[in-house]
Amino acid sequence: MNDYLLPLLVFSPVIGMIMIWLMPKTEEKTLKQFGWIGTLMPLLISLFLYQQWLTGVSLSSYQIKWNWIQFGNLAMYDDTLYTIDFELSLDGFSLVFILLTTVLSMLAALASFYIKTEWKGYFLLFLLLEIGMLGVFMADNLLLFFLFFEVTFVSLFFLIGRWGYVNKEKAAYHFLVYNGIGSVLLLFVIATLFVRVGTTNIDALTHILNVGDVALLAPISPFLTDMLCILLFIAFAIKLPVFPFHSWMVRVHREAAPPVVMLHAGVLLKIGAYGMIRFGLGIFPEQVEKLALLFMIVGVISFLYGAFLALVQTDLKLVWAYSSVSHMGIVFFGFGTLNDAGLQGAVFQAVSHGAIAALLFFLIALLYERTGTTELNELGGLAEHLPIFSGVLLTAGLAALGLPGMSGFISEFMAFLGLFKEQMLLAIIAVIGLILTAAYTLRAVLKITFGKKTYSMTWRDVQGIEYVPIAILFMVIVAIGVYPMWLGQLVQEDITTWLLRIGG
Amino acid sequence: MVDNAWLIPLFPLASFFLLLLFGKRFGSRSAEVGSLFTFVSFICAAVVFTKSLHESSYKQTFNWLTVGDAQITVGFELNPLNVLMLVLVSFISFLVHMYSKGYMNGEKRISIFYAYLGLFTFAMLALVMSPNLLQLYIFWELVGLGSFLLIGFYFHKQEAKRAAKKAFIMTRIGDMGLLIGMILLFWQTRSFEYSVIFQAVEAGDISQSLLTFIAIMIFVGAVGKSGQFPLHTWLPDAMEGPTPVSALIHAATMVAAGVYLVAATYPLFQASEVALLVVAVTGGLTALFAASIAVVQTDVKRVLAYSTMSQLGFMFLALGTAGYVAAVFHLVTHAFFKALLFLAAGSVIHAVHTQNIEKMGGLWKKLRWTGPLFLIGTLAISGVPLLSGFFSKEEILLSVWDNGNYFLFTLALLTSLLTAFYMFRLFFSIFGGEEKTPIHAVKESPMIMWLPMIILAVFSIGIGYVQTPWFGTFLGDWLTNENSHHEFSLWLMLIATIVSGIGIGIAYILHRKSSLLTEGESSAYRVVANKYYIDELYERTMIVSTKAVSRSLVYIERYVIDGFLLVVIRITRMFAKKATKLQSGQVQQYGAIAFLSLAVLVVVYLVAGGYLR
């Protein structure tokens, strides 16, 4: 069983895809239900894995390695040389992101009930996207990672371009160009490493490049290593995104359909964070240490820049989009601190922002469904007629601005704790951003819910199945905020390992 | 009981969830539900209080989070200061719960109101039990949330919306100071625990300059929460909330959290003279500054709000001059008489449906209960002998005098004078004289409203006797855990009494001339009436510059960042077009390209000797 669990997890959405594929494309209700059911299977498997972890089963026991591709026949030197295996593995760090993926996919599938056209194509792509995301977080070698990464890329391109708001095609095109460049850089790094070192397995690469007692076929100069590291980080910085690579993401958040944005903001941006930590810190620890200050500065700039821009947006979607830029800045500078507190903060912030952003964009879906607009100037006083929706929006906003007791606080707090240790002055400047965060969030939320009334009597409050995503996401947000240890324990061990590598 | 004290804040929390989820079903009975839970909380706090009179402090913690090799814990601690606050907060909260049943009668969203009150009470009780700074910070923000929600309770009012937002953001600016101080302390001591931090301070592990900086940063947090200059502007605006809320949050408990914070981290301040001086001067200036504004306000709640600021300034003045006991003592007495004054003011507003004192007058005969109760509060705050405010204020004056800073002492005396003056101005204009506008059917408030006021009045009179020069210094002994002898200085008492008497006298004379000091031509008057233009100053500096930065960044976003994006896209397109042209179908061209490419590769190989390294 252990030998098949991870591949089963990755490809379990296929069951849903087959079910949908067999249905005629006019069966709206059935297609939506099948789409949702398709996300249940991976959710159950991932919860089972979490439960196993809680009972003390070692996650590495699920690792699999199947022969896949071999270049040439170099068995006389080394069996593994120039081979690429189909290998998946799991540790606490990746389990966190897998759980995030499966939970958010299930909730986004529920939110997809608002999709108005072409349900068949939508849900096929949706489940394909989930396969990609799951694969990304389990792939044990760079090439496999890249393939799954491209799966998310392609499926997302169509999801953005076909089921969004007015300028969706343009947004999808920007997404394609920018992420395409990121992919090219990534592929270049992977190919170079493969040619020089003869493997793309992450553990092997880490060992060979850093311990260095293995003779390379074609040695890599320090300069080239630095370049590879920088290119890798540019690729992931585009994905995260950090200033100045963020503008494609703002467009996607504004134009794509809310369920797609839930996944995009909730999970896909985190691939950037995941990649930086796993591959950047794993394969290039020395170079990362040299770049740490740059990461912190760029992270703080992103944090402040996003916050300042969120303050003057007039569309709620854009407020949340720039808020994402700002929050990803926290991930970036938390990572740059390269200490326990900061790294833990970065991981926490990635998860926390995943849940909060998903909630905020789910609320956008609810809002747009009722009012047909997300323009701040056209909304006001909703608390009168939609008290529950307004209460939920306010609470979600409070989570986003880092109110203690919810996940945003603990992640921001730890990232700042780390930053203060390394760069006190920079941290004090960055603190301004926390005030701005409160300002832009309250400005937007209060504009919509408080004050002058603009509503129609036909709008109904939150009801029925809409409570499910709200309740689950709040549970996650509050659980992390009140008792962060359960998440901390999952990643603590991995963080210690990474920090040992940079000798700090 | 003592080891289960953590249950005390959980009762109001349970009330919050219950009312939030099932509020509709409870309807107007929400008041009873909320009051019952708070009452249980108060009883438990009282039991803990009686137990802890004899026991030393009690602390219990468990691990919450691991950061590297440091364990961050949560738990609760019961020391005299904490227990005192616990019983004070739960008691006043219970009384306000009771009172609100009458005041908020007929309000459609009464269950929400009581839910918010529960949330606030929970956070405030948890705050005063925190054994470490991080936990204090967590609940510090949550009381801010409670305050924010209740200020914005009448959400359809534009002013309420603005005031709620302002309160949240202004206090958050202060909170950032606390955050900075707290994190810096963590990296010095690897802990948020008070005990560990104090040990490190005592052992001199932290350099003097850093310690001063940290103490001042923590004080910035207190300044924000307690509405001290320069972060005070939110407090008067917070009066947009329902009046019982003003009594509970913006007079008796939350705003006093700043004083509590400085008191709880007092060893930090004691270790730095500069920090103490900053506390004293900020407190003293705010006391006088706020009192001067209170003199010309015409809104009864705003007068009381500025009075609160001023009295809190007094407490900081005491803290800054080593008057730890004096500050805590005044915190306690002030909580009672200010809550009484606010509730009485609420009762007046309830009767006449206006907050403008120019439209009031002659209510003494009509409000048989409220009038005398308001008078008791006024006498107490003015420092009239034998009431509670007299003793605590005298204690503060003594501590300032002993400190030897005559500038601060003058500030304190002036403030005392102004306090007596503006409070009696308020009292006379509401209750004295003739009815200015005929108000029909003015009815005294129901018993559910005046009963809590009577209880508060009893305490406003009597609570002072826990710390007097004549009967003993119980409070001080208990707080500092040692038998202190109290200096008795008759002359100080005389001066304090005379100063208050002068204030009352001026108020009376002006009242006879039926002048409210509300019209004036002098520029000095305009400055004070406009609250020294501080709001306008912030509007024109902080807000305008923030907006300017945002707007300029919008241009950077539009032209630089998006421009970059467009360039990238254009280059991609260009390459695509060029590449399309190469697909001509002519085999010769393909061959030429293949050959050229090979040539380039060979050259690279020859020059670089293989791969690029």
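P244(A) lies in the loop between α10 (222-239) and α11 of chain A. Helices are DSSP runs of H or I with at least four residues, strands are runs of E with at least two, and both are numbered from the N terminus. The peptide bond from F243(A) to P244(A) is cis, with omega near 0°. Chain B has a cis bond as well, from F229(B) to P230(B), with omega near 5°. P230(B) sits in the loop between α8 (208-225) and α9 (234-237) of chain B. R190(B) is not a glycine, yet its phi is positive, about 60°. Its place is the loop between α6 (158-189) and α7 (194-202) of chain B. Most residues other than glycine have a negative phi, and most peptide bonds are trans.

**Confidence**

This is a predicted model, in which local features need pLDDT of at least 70, side-chain atom pairs count only at pLDDT 80 or more, and totals for chains, interfaces and linings use all residues. Residues are numbered from 1 along each chain as its sequence is written, while chains are lettered from A and ligands numbered from 1 in the order in which they are written. The pLDDT is the predictor's confidence in each residue, from 0 to 100. Chain A has a mean pLDDT of 88, and 96% of its residues reach 70 or more. For chain B the mean is 86, and 95% of its residues reach 70 or more. Where in chain A is confidence lowest? It is lowest in α16(A), at a mean of 81, and highest in helix α14 (residues 316-337) of chain A, at 93. Where pLDDT is low, the predicted coordinates should not be read in detail. For the complex, the predictor gives an ipTM of 0.91 and a pTM of 0.91.

**Where the chains touch**

The contact between the chains takes 44 residues from chain A and 43 residues from chain B. Two residues are in contact if their C-beta atoms, placed from the backbone, lie within 7 Å. On the side of chain A that touches chain B, the elements giving two or more residues include α8 (168-197), α13 (285-310) and α19 (424-449) of chain A. The largest share of that side, 9 residues, comes from α19(A). By class, the side of chain A has 31 nonpolar, 10 polar and 3 charged residues. Ala, Val, Leu, Ile, Met, Phe, Trp, Tyr, Cys and Pro count as nonpolar, Asp, Glu, Lys and Arg as charged, and the others, Gly among them, as polar.

**Packed helices**

Two packed helices are described by the angle between their axes and the distance between the axes. Axes are lines fitted to C-alpha atoms, for helices over the stretch in contact, and angles run from 0 to 180 degrees between N-to-C directions.

| Helix pair | Axis distance | Angle |
|---|---|---|
| α13(A) and α19(A) | 9 Å | about 25° |
| α10(B) and α15(B) | within 8 Å | roughly 160° |
| α14(B) and α18(B) | within 11 Å | roughly 160° |

Angles under 35 degrees count as roughly parallel, over 145 as roughly antiparallel, 65 to 115 as roughly perpendicular and the rest as oblique. A crossing is left-handed if the near helix is turned anticlockwise from the far one by less than a right angle, and right-handed if clockwise.

Take chain A. α13(A) and α19(A) pack at an angle of about 25°. That makes α13(A) roughly parallel to α19(A). Their crossing is left-handed. Among the residues that meet are F303(A) and L304(A) in α13(A), and L436(A) and Y440(A) in α19(A). This contact has 14 nonpolar, 2 polar and no charged residues.

Now chain B. The axes of α10(B) and α15(B) cross at roughly 160°. That makes α10(B) roughly antiparallel to α15(B). The crossing is right-handed. Residues in the contact include T243(B) and P244(B) from α10(B), with K338(B) and F342(B) from α15(B). The classes are 10 nonpolar, 3 polar and 1 charged.

α14(B) and α18(B) are also roughly antiparallel to each other. α14(B) passes α18(B) in a left-handed crossing. S307(B) and F314(B) in α14(B) are among the residues that meet α18(B), where the partners include T415(B) and Y422(B). Here the classes are 10 nonpolar, 4 polar and no charged.

**Domains of chain B**

Chain B is divided into domain 1 (1-218 + 243-265), domain 2 (272-516), domain 3 (520-580) and domain 4 (583-612). The bounds come from an automatic or database domain assignment. Taken over C-alpha atoms, the centres of domain 3 and domain 4 of chain B are 51 Å apart.
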